[in-house]
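Visitor: I would like to learn how to read a protein sheet. Can we go through one together?

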Amino acid sequence: MWERAAAGWGKHAALVRDWGMPVSAAMIDLLELQPGQRVLELAAGPGDTGFMALELVQPGGMLISSDGAEAMVEVARSRAQEAGIEDSVEFKALELEWIDLETATVDAVLCRWGLMLIVDPDAAAREIRRVLRSGGRASFAVWDIPDRNPWARIPTRAMVELGHMQPPDPDAPGMFRLAKPGSLQEVLEGAGFVDVRVVPVGVERRYERVEQFLEDTVEMSPTFGATLRELGESEQSAVLDRIKAAAGAYADDDGAIVLPGSSLVAVASA
C-alpha cells in the first residue's frame, strides 16, 4: 500500500513538510546533534526531517535516508536532488524490524510516524538501539489519541458509520496504536533505552477548501484511498459528503478548514 501511496506523498510533500514542521523541529532539537555525526532516518517518506538534521551535522556529517517502500525512497532522493544535497545523503530501503546496518554504526536515529504502523514495534525499537553507538540518541514521533486528531478521525469515522470499514483495532498496526498514555515509553524502555522522555507537540492542517482536504486524504492514506476506490459512485459521494459536513465544523471566518492535531514526540538514549 505504501508503494502505491508514494506518488501522493511526493505530490503533497511540501504540505506535509509545512504542517509537520513543529514535530520535525522538536525531534531534531531533542537529539542535540553535532557536526560530524552519522544520522539514520527510518520511515523517512519524503525525507524532509532527515534533511533538516543533515544541516546540523555539517561539516563532516552524513545522513542515511531510508524507508520500507522503494517508491518512497525515490521520492526522498528526488527531493534531495532538488535541494542540491544528494552528495551528503545515502538512500536505502530499510525495514524497521530488521535494519540492514552493522551494530553501533550511527550516532542518532529519527523515526517520524513510522513505529506505530508496523507489525512489531518492540522488535523495531530493539533494532534501532542496536544500530546506535553507545550514548547515541533516537527520536520518535507517533500520533496522539484520535480525539486530538480530527483530520484523521473524520474520514475513518465516515467509512465506519456508512458500513464500508470495520472500526480500527487499537492493537493492530495503525496510526493510533501507540497513542495510549505510556505505550511509547513502554516500548522504548522495553528495548533497553534509557532517559526516555515523551512530550505532546501540536500541529495544524489548513486547507483553503474542503475539497483540498479530501484530495489530500484520498491520495496519501493508503487504507482510506484503497477502500474508497472500491466503492460505487453513489457510495463514494455519500462518504465524501459526510466528510465535508464533519470538516465544516472546523471552518474559519474565511471558509478555510483548519484541523488541529497532536503528535507524541519521544527521545531516548542507547
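Guide: Begin with strands β1 and β2 (residues 62-67), which run parallel and are joined by 4 bridges. Strands are DSSP runs of E, at least two residues long, and helices are runs of H or I with at least four residues, numbered from the N terminus. Two strands pair if DSSP finds at least two bridges between them. This is a predicted model, where local features need pLDDT of at least 70, side-chain atom pairs count only at pLDDT 80 or more, and totals for chains, interfaces and linings use all residues. Residues are numbered from 1 along each chain as its sequence is written, and side-chain values use heavy atoms, with hydrogens and water left out.

Visitor: Which residue in β2 does Arg-38 stand opposite?

Guide: Arg-38 faces Met-62 there.

Visitor: What unit do β1, α4 and β2 make?

Guide: Handedness comes from the path. Point the strands away from you; if the path from the first strand over the helix to the second runs clockwise, the crossover is right-handed. Here β1, α4 and β2 form a right-handed β-α-β unit.

Visitor: How many bridges link β1 and β4?

Guide: There are 4, in the parallel sense. Glu-41 has Leu-110 in β4 as its bridge partner. Next, β4 pairs with β5 over 6 bridges, also parallel. Val-109 has its bridge partner, Ala-138, in β5.

Visitor: In what order do the strands of the open sheet come?

Guide: The 7 strands run β3-β2-β1-β4-β5-β7-β6, with mixed pairing. β3 (89-93) and β6 stand at the edges with a single partner strand each, so one side of each has no neighbour in the sheet. From one strand to the next, the twist averages 20°.

Visitor: Is β1 enclosed or open, and why?

Guide: Buried means under 20% relative accessible area, exposed over 50%, and partly exposed in between (1.4 Å probe, protein chains only). In β1 (residues 38-42), 4 of the 5 residues are buried, so the rest of the structure largely encloses this strand.

Visitor: Which strands does helix α5 lie across?

Guide: Axes are lines fitted to C-alpha atoms, for helices over the stretch in contact (heavy atoms within 4.5 Å). Angles run from 0 to 180 degrees between N-to-C directions. Helix α5 (residues 70-83) lies across β2 and β3, at about 165° to β3. Helix α6 (residues 121-131) lies across β1, β4 and β5, at about 145° to β5.

Visitor: What do the buried residues of α3 pack against?

Guide: They pack against α4 (48-56), β4 (106-112), β5 (132-143), β6 (194-207) and β7 (257-269). Among the buried residues of α3 (residues 21-31) are Val-23, Met-27 and Leu-30.
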